[in-house]
Amino acid sequence: MNAQNDLIKLYSQKILALAAEIPHLDRLEAPMGTARKRSPLCGSTVTVDLDVADGRIVRFGQDVKACALGQAAASVVGTAILGRTRAEVETARDQLRAMLKDEGPAPSAPFEGLEVLLPARDYKNRHASIMLSLEATLDAFDAAEAAACA
């Protein structure tokens, strides 16, 4: 029964609500940068398209095929992502990883909503899915910057 209670806690109403309302689910037409990340363990994927101006994300689209935890993470990221710099996204990624793997605190604003995923610490097989949105965003940011320099 303990495992059942843990699973119920993991898939809380808040996580499920976030998963149901992911912003920016439309792919962008002619984005400056695109990246697709896949979790080899569970097969979850996130594809991110974005445009960058003056070092900040000005357009963002994502295609999310992930478990509820990966979807919830993508929802929080999608809500906070516009106007962010690469450094801000890197910080959020590093803070989320530390929260999941090293008992670190939840990411700081504007990504503090990722705190809802604290119960996933004990489910290491879900960590990669939770990280996908931020990792794909960073790869897309790199692609956009490389295209701008080409």
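**Notebook: helix packing and the sheet**

I began with helices H4 and H5 and noted that they are roughly antiparallel to each other, a label given to angles over 145 degrees, while angles under 35 count as roughly parallel, 65 to 115 as roughly perpendicular and the rest as oblique. The structure is a predicted model, in which local features need pLDDT of at least 70 and side-chain atom pairs count only at pLDDT 80 or more, while totals for chains, interfaces and linings use all residues. Residues are numbered from 1 along each chain as its sequence is written, and side-chain values use heavy atoms, with hydrogens and water left out.

**Entry 1: H4 and H5**

I located H4 at residues 86-101 and H5 at residues 124-149; helices (H or I, at least four residues) and strands (E, at least two) are DSSP runs, numbered from the N terminus. Their axes come within 10 Å and cross at roughly 160°. Axes here are lines fitted to C-alpha atoms, for helices over the stretch in contact, and angles run from 0 to 180 degrees between N-to-C directions. I recorded the crossing of H4 and H5 as left-handed, meaning that the near helix is turned anticlockwise from the far one by less than a right angle, with clockwise being right-handed. Among the residues in contact (heavy atoms within 4.5 Å) I listed Val89, Leu96 and Leu100 of H4, and Ile130, Leu134 and Phe141 of H5. By class, this contact has nine nonpolar, two polar and eight charged residues. The nonpolar class holds Ala, Val, Leu, Ile, Met, Phe, Trp, Tyr, Cys and Pro, the charged class Asp, Glu, Lys and Arg, and the polar class the others, Gly among them.

**Entry 2: H2 and H3**

I then turned to H2 and H3 (residues 68-80), whose axes come within 7 Å and cross at roughly 65°. H2 and H3 are therefore roughly perpendicular to each other. In this contact, Ile15, Leu16, Leu18 and Ala19 of H2 meet residues of H3 including Leu69, Ala72 and Val76. I noted eight nonpolar, two polar and no charged residues there.

**Entry 3: the sheet**

I found an open sheet of three strands in the order E1-E2-E3, paired antiparallel; strands pair if DSSP finds at least two bridges between them. E1 and E3 stand at the edges with a single partner strand each, so one side of each has no neighbour in the sheet. The twist averages 15° from one strand to the next.

E1 (residues 33-38) is joined to E2 by six bridges, and Ala35 has Val48 of E2 as its bridge partner. Six residues lie between the strands in this hairpin, where Gly43 takes a positive phi near 85°. Nine bridges join E2 to E3 (residues 56-65), with Asp51 partnered by Arg59 in E3. The hairpin of E2 and E3 has two residues between the strands, and Asp54 in the turn has a positive phi of about 55°.

Why is E2 largely enclosed by the rest of the structure? Eight of its nine residues (45-53) are buried, which means under 20% relative accessible area, with exposed being over 50% and partly exposed in between (1.4 Å probe, protein chains only). I also noted that H5 lies across E1, E2 and E3, running at about 40° to E2.

**Entry 4: Ile22**

I looked up Ile22 in the loop between H2 (13-20) and E1. Ile22 is buried, with a relative accessible area of 12%. Leaving aside neighbours within four places in sequence, Ile22 is in contact with Gln62, Val64, Gln71, Ala74 and Ser75.
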